[in-house]
Amino acid sequence: MRSSNPVFSRRGFSRDNNGYAGFDAPPQAGAAANPYAGTNPYAQGGNPYAQDAAQGTQAPQTRRMTMDDVVLRTGMTLGTVIAGAAVGWIFLTKSLGFAVGAGLIAMVLAFVQSFKRKPSPALILTYAAFEGLFLGALSGAINDVPKLAGAPMQAVMGTMAVFVAMLVAYKTRIVRVTARFTRYLMIALLGFVLLSLVNVLFMAFGGGDGLGFRSGGMGILFGVVGVVLGALCLALDFKQVEDGIAYGAPREESWLAAFGLTVTLAWIYMELLRLISILRD
(Lines give C-alpha, C1' and ligand atoms only; values in the text may rest on other atoms or scores of the structure.)
Protein backbone atom coordinates (compact mmCIF):
# COMPACT_ATOMS: atom_id res chain seq x y z
CA MET A 1 0.00 0.00 0.00
CA ARG A 2 1.32 3.41 -0.86
CA SER A 3 1.25 6.57 1.19
CA SER A 4 -1.59 9.03 0.72
CA ASN A 5 1.01 11.75 0.48
CA PRO A 6 1.88 11.82 -3.24
CA VAL A 7 5.45 12.92 -2.63
CA PHE A 8 6.08 9.73 -0.66
CA SER A 9 4.23 7.44 -3.10
CA ARG A 10 7.28 6.50 -5.10
CA ARG A 11 10.18 4.11 -5.04
CA GLY A 12 11.41 3.75 -1.50
CA PHE A 13 8.67 5.48 0.51
CA SER A 14 6.07 2.74 0.04
CA ARG A 15 4.68 0.21 2.46
CA ASP A 16 3.15 -3.21 2.34
CA ASN A 17 0.07 -4.41 4.21
CA ASN A 18 2.14 -4.88 7.35
CA GLY A 19 3.05 -1.22 7.39
CA TYR A 20 6.76 -1.60 6.68
CA ALA A 21 8.76 0.71 4.48
CA GLY A 22 10.23 -0.42 1.22
CA PHE A 23 13.87 -0.25 2.26
CA ASP A 24 16.48 -2.76 3.33
CA ALA A 25 16.11 -4.00 6.87
CA PRO A 26 18.57 -2.64 9.44
CA PRO A 27 21.85 -4.54 9.62
CA GLN A 28 20.81 -6.36 12.78
CA ALA A 29 17.64 -7.71 11.15
CA GLY A 30 17.81 -10.79 8.97
CA ALA A 31 16.57 -10.99 5.41
CA ALA A 32 13.32 -12.52 6.62
CA ALA A 33 12.59 -9.40 8.67
CA ASN A 34 12.45 -7.25 5.57
CA PRO A 35 9.13 -7.76 3.73
CA TYR A 36 10.67 -6.21 0.65
CA ALA A 37 13.60 -8.59 0.31
CA GLY A 38 13.84 -9.58 -3.35
CA THR A 39 11.54 -6.82 -4.60
CA ASN A 40 12.99 -3.73 -2.96
CA PRO A 41 15.20 -1.79 -5.41
CA TYR A 42 17.70 -1.45 -2.56
CA ALA A 43 17.51 -5.12 -1.53
CA GLN A 44 20.17 -7.77 -2.06
CA GLY A 45 20.59 -8.41 -5.74
CA GLY A 46 18.93 -5.18 -6.82
CA ASN A 47 20.97 -2.93 -4.59
CA PRO A 48 23.90 -1.48 -6.49
CA TYR A 49 25.71 -1.13 -3.17
CA ALA A 50 25.18 -4.72 -1.99
CA GLN A 51 28.70 -5.75 -2.97
CA ASP A 52 30.22 -2.98 -0.90
CA ALA A 53 28.08 -3.99 2.07
CA ALA A 54 29.09 -7.65 1.69
CA GLN A 55 32.76 -6.65 1.75
CA GLY A 56 32.26 -4.57 4.87
CA THR A 57 32.73 -1.27 3.04
CA GLN A 58 30.34 1.44 2.03
CA ALA A 59 30.74 3.91 -0.80
CA PRO A 60 30.45 7.55 0.29
CA GLN A 61 27.42 8.14 -1.91
CA THR A 62 25.47 5.35 -0.16
CA ARG A 63 25.33 6.99 3.27
CA ARG A 64 22.04 6.19 4.97
CA MET A 65 19.46 8.80 5.86
CA THR A 66 19.39 9.93 9.50
CA MET A 67 16.99 12.04 11.52
CA ASP A 68 19.57 14.85 11.49
CA ASP A 69 19.48 14.79 7.69
CA VAL A 70 15.68 15.06 7.68
CA VAL A 71 15.68 17.90 10.24
CA LEU A 72 18.37 19.82 8.33
CA ARG A 73 16.66 19.51 4.93
CA THR A 74 13.26 20.30 6.40
CA GLY A 75 14.70 23.40 8.05
CA MET A 76 16.21 24.52 4.75
CA THR A 77 12.95 23.94 2.86
CA LEU A 78 10.74 25.67 5.45
CA GLY A 79 13.29 28.50 5.72
CA THR A 80 12.95 29.04 1.97
CA VAL A 81 9.16 29.11 2.34
CA ILE A 82 9.43 31.72 5.10
CA ALA A 83 11.83 33.87 3.05
CA GLY A 84 9.50 33.69 0.06
CA ALA A 85 6.53 34.52 2.26
CA ALA A 86 8.30 37.64 3.54
CA VAL A 87 8.90 38.81 -0.04
CA GLY A 88 5.31 38.04 -1.03
CA TRP A 89 3.93 39.86 2.03
CA ILE A 90 5.97 42.98 1.31
CA PHE A 91 5.80 43.20 -2.49
CA LEU A 92 2.88 41.11 -3.77
CA THR A 93 0.04 41.84 -1.34
CA LYS A 94 -1.44 44.38 -3.74
CA SER A 95 -0.76 42.19 -6.78
CA LEU A 96 -2.73 39.05 -6.14
CA GLY A 97 -2.51 38.14 -9.83
CA PHE A 98 1.22 37.53 -9.40
CA ALA A 99 0.52 35.68 -6.17
CA VAL A 100 -1.90 33.32 -7.90
CA GLY A 101 0.69 32.79 -10.63
CA ALA A 102 3.28 31.89 -7.99
CA GLY A 103 0.81 29.45 -6.45
CA LEU A 104 0.19 27.75 -9.80
CA ILE A 105 3.93 27.48 -10.45
CA ALA A 106 4.41 25.95 -7.00
CA MET A 107 1.66 23.43 -7.73
CA VAL A 108 3.26 22.42 -11.03
CA LEU A 109 6.69 22.05 -9.43
CA ALA A 110 5.19 19.93 -6.64
CA PHE A 111 3.62 17.57 -9.18
CA VAL A 112 6.87 17.37 -11.15
CA GLN A 113 8.83 16.41 -8.05
CA SER A 114 6.14 13.93 -6.99
CA PHE A 115 6.61 11.92 -10.18
CA LYS A 116 10.41 12.08 -10.34
CA ARG A 117 12.32 8.91 -9.48
CA LYS A 118 14.76 10.83 -7.30
CA PRO A 119 14.41 13.99 -5.21
CA SER A 120 15.86 17.14 -6.73
CA PRO A 121 17.07 19.64 -4.08
CA ALA A 122 16.98 22.51 -6.59
CA LEU A 123 13.43 21.67 -7.63
CA ILE A 124 12.27 21.29 -4.03
CA LEU A 125 13.78 24.61 -2.95
CA THR A 126 12.32 26.35 -6.01
CA TYR A 127 8.90 24.95 -5.11
CA ALA A 128 9.38 26.21 -1.55
CA ALA A 129 10.24 29.72 -2.81
CA PHE A 130 7.14 30.00 -5.02
CA GLU A 131 4.93 28.45 -2.35
CA GLY A 132 6.24 31.05 0.08
CA LEU A 133 5.51 33.89 -2.37
CA PHE A 134 1.94 32.67 -2.74
CA LEU A 135 1.31 32.17 0.97
CA GLY A 136 2.93 35.47 1.91
CA ALA A 137 0.96 37.53 -0.61
CA LEU A 138 -2.33 35.84 0.29
CA SER A 139 -1.66 36.25 4.01
CA GLY A 140 -0.77 39.90 3.57
CA ALA A 141 -3.97 40.58 1.64
CA ILE A 142 -6.05 38.89 4.34
CA ASN A 143 -4.22 40.76 7.09
CA ASP A 144 -5.02 44.10 5.40
CA VAL A 145 -8.75 43.48 5.93
CA PRO A 146 -9.50 45.21 9.27
CA LYS A 147 -11.70 42.47 10.71
CA LEU A 148 -9.18 39.79 9.66
CA ALA A 149 -6.04 41.53 10.93
CA GLY A 150 -3.87 39.07 12.80
CA ALA A 151 -5.46 35.99 11.21
CA PRO A 152 -2.22 34.90 9.45
CA MET A 153 -0.29 34.93 12.74
CA GLN A 154 -3.04 32.89 14.37
CA ALA A 155 -2.83 30.42 11.49
CA VAL A 156 0.96 30.15 11.91
CA MET A 157 0.60 29.47 15.63
CA GLY A 158 -2.17 26.98 14.92
CA THR A 159 -0.02 25.13 12.37
CA MET A 160 2.81 24.86 14.89
CA ALA A 161 0.37 23.59 17.52
CA VAL A 162 -1.02 20.94 15.15
CA PHE A 163 2.50 19.81 14.26
CA VAL A 164 3.60 19.47 17.89
CA ALA A 165 0.35 17.80 18.97
CA MET A 166 0.49 15.25 16.16
CA LEU A 167 4.18 14.55 16.80
CA VAL A 168 3.43 13.86 20.48
CA ALA A 169 0.41 11.74 19.56
CA TYR A 170 2.50 9.74 17.10
CA LYS A 171 5.48 9.24 19.42
CA THR A 172 3.25 8.13 22.30
CA ARG A 173 1.35 5.85 19.89
CA ILE A 174 -1.96 7.55 20.56
CA VAL A 175 -2.15 7.66 16.77
CA ARG A 176 -0.99 4.42 15.15
CA VAL A 177 -0.30 4.40 11.44
CA THR A 178 -1.44 1.05 10.08
CA ALA A 179 -2.49 -0.24 6.69
CA ARG A 180 -6.15 0.31 7.62
CA PHE A 181 -5.37 3.86 8.82
CA THR A 182 -3.68 4.63 5.50
CA ARG A 183 -6.50 3.13 3.45
CA TYR A 184 -9.23 5.10 5.22
CA LEU A 185 -7.19 8.29 5.10
CA MET A 186 -6.71 7.93 1.35
CA ILE A 187 -10.45 7.52 0.87
CA ALA A 188 -11.18 10.56 3.03
CA LEU A 189 -8.59 12.66 1.19
CA LEU A 190 -10.01 11.66 -2.18
CA GLY A 191 -13.52 12.63 -1.08
CA PHE A 192 -12.30 15.95 0.35
CA VAL A 193 -10.43 16.86 -2.83
CA LEU A 194 -13.36 15.91 -5.07
CA LEU A 195 -15.78 18.00 -3.01
CA SER A 196 -13.37 20.93 -3.14
CA LEU A 197 -13.10 20.68 -6.92
CA VAL A 198 -16.88 20.48 -7.32
CA ASN A 199 -17.25 23.53 -5.08
CA VAL A 200 -14.72 25.46 -7.18
CA LEU A 201 -16.61 24.56 -10.36
CA PHE A 202 -19.91 25.75 -8.87
CA MET A 203 -18.23 28.98 -7.76
CA ALA A 204 -16.76 29.53 -11.22
CA PHE A 205 -19.96 28.92 -13.16
CA GLY A 206 -22.66 29.64 -10.62
CA GLY A 207 -21.12 32.49 -8.68
CA GLY A 208 -21.30 33.03 -4.96
CA ASP A 209 -19.85 30.41 -2.63
CA GLY A 210 -20.72 27.42 -4.75
CA LEU A 211 -21.98 24.63 -2.52
CA GLY A 212 -21.34 26.64 0.63
CA PHE A 213 -18.24 24.77 1.71
CA ARG A 214 -16.26 27.94 2.32
CA SER A 215 -18.62 30.07 4.41
CA GLY A 216 -21.07 29.78 7.29
CA GLY A 217 -21.57 26.63 9.31
CA MET A 218 -20.79 24.31 6.39
CA GLY A 219 -17.58 26.22 5.72
CA ILE A 220 -16.51 25.86 9.36
CA LEU A 221 -17.19 22.12 9.31
CA PHE A 222 -15.35 21.72 6.00
CA GLY A 223 -12.38 23.70 7.35
CA VAL A 224 -12.18 21.57 10.49
CA VAL A 225 -12.23 18.42 8.37
CA GLY A 226 -9.43 19.83 6.22
CA VAL A 227 -7.25 20.57 9.27
CA VAL A 228 -7.90 17.11 10.74
CA LEU A 229 -7.00 15.40 7.47
CA GLY A 230 -3.82 17.47 7.25
CA ALA A 231 -2.90 16.48 10.81
CA LEU A 232 -3.43 12.81 10.00
CA CYS A 233 -1.23 13.20 6.94
CA LEU A 234 1.48 14.50 9.28
CA ALA A 235 1.28 11.26 11.23
CA LEU A 236 1.66 9.37 7.97
CA ASP A 237 4.67 11.51 7.08
CA PHE A 238 6.27 10.76 10.46
CA LYS A 239 5.77 7.05 9.85
CA GLN A 240 7.34 7.21 6.40
CA VAL A 241 10.38 9.06 7.75
CA GLU A 242 10.75 6.63 10.65
CA ASP A 243 10.52 3.63 8.33
CA GLY A 244 12.91 5.17 5.84
CA ILE A 245 15.56 5.61 8.53
CA ALA A 246 14.96 2.15 9.98
CA TYR A 247 15.24 0.40 6.63
CA GLY A 248 18.25 2.25 5.32
CA ALA A 249 16.97 4.84 2.84
CA PRO A 250 19.78 6.63 1.01
CA ARG A 251 20.71 10.03 2.41
CA GLU A 252 19.24 11.85 -0.60
CA GLU A 253 15.77 10.66 0.43
CA SER A 254 15.88 13.16 3.30
CA TRP A 255 15.06 15.82 0.70
CA LEU A 256 11.93 13.88 -0.19
CA ALA A 257 10.96 13.70 3.48
CA ALA A 258 11.48 17.46 3.83
CA PHE A 259 9.37 18.07 0.73
CA GLY A 260 6.52 15.92 2.00
CA LEU A 261 6.46 17.61 5.40
CA THR A 262 6.54 21.06 3.79
CA VAL A 263 3.62 20.25 1.49
CA THR A 264 1.55 18.98 4.42
CA LEU A 265 2.36 21.95 6.66
CA ALA A 266 1.50 24.40 3.87
CA TRP A 267 -1.85 22.66 3.43
CA ILE A 268 -2.60 22.80 7.17
CA TYR A 269 -1.73 26.51 7.24
CA MET A 270 -4.04 27.24 4.31
CA GLU A 271 -6.94 25.36 5.88
CA LEU A 272 -6.41 27.09 9.23
CA LEU A 273 -6.19 30.49 7.58
CA ARG A 274 -9.43 29.84 5.73
CA LEU A 275 -11.13 28.54 8.88
CA ILE A 276 -10.01 31.51 10.99
CA SER A 277 -11.17 33.92 8.29
CA ILE A 278 -14.64 32.34 8.29
CA LEU A 279 -14.85 32.42 12.08
CA ARG A 280 -13.80 36.10 12.27
CA ASP A 281 -15.94 37.22 9.34
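The charged end of Arg173 sits over the ring of Tyr170, 4.9 Å from the ring centre; such a contact requires CZ of Arg or NZ of Lys within 6 Å of the ring centre and within 35 degrees of the ring normal. The model is predicted: local features need pLDDT of at least 70 and side-chain atom pairs pLDDT 80 or more, while totals for chains, interfaces and linings use all residues. Residues are numbered from 1 along each chain as its sequence is written, and side-chain values use heavy atoms, with hydrogens and water left out.

Tyr170 also takes part in an aromatic cluster with Phe163 and Phe238. Five aromatic pairs are present in the structure; rings of Phe, Tyr and Trp (its six-membered ring) pair if their centres lie within 6.5 Å, and the planes count as stacked under 30 degrees apart, edge-to-face over 60 and tilted otherwise. The pair of Tyr170 and Phe238 is tilted, because the ring centres are 5.9 Å apart and the planes stand at 55°. Tyr170 belongs to helix α5 and Phe238 to helix α7, so this pair ties together parts that are 68 residues apart in sequence; helices are DSSP runs (H or I, at least four residues) numbered from the N terminus. Tyr170 counts as buried because its relative accessibility is 4%, and Phe238 counts as buried at 9%; buried means under 20% relative accessible area, with a 1.4 Å probe and protein chains only.

A second pair is formed by Phe192 and Phe222, whose ring centres are 4.5 Å apart with planes at 10°, so it is stacked. This pair links distant parts of the chain, with Phe192 in helix α6 and Phe222 in helix α7, 30 residues apart. Phe192 and Phe222 are both buried.

In soluble globular proteins, nonpolar side chains tend to be buried together. Here the largest nonpolar core has 54 residues, and Tyr127, Leu135, Val162, Met166, Leu185 and Leu234 have the most contacts inside it. A nonpolar core is a set of buried Ala, Val, Leu, Ile, Met, Phe, Trp, Tyr and Cys residues joined through side-chain atoms within 4.5 Å. Helices that each supply at least two residues of this core include α2 (67-91), α4 (121-143) and α8 (253-280). The largest share, 12 residues, comes from α8.

Helix α8 is mostly covered, with 23 of its 28 residues buried.

Terms used:
Buried < 20%, exposed > 50% of the residue type's maximum accessible area, 1.4 Å probe, protein only.
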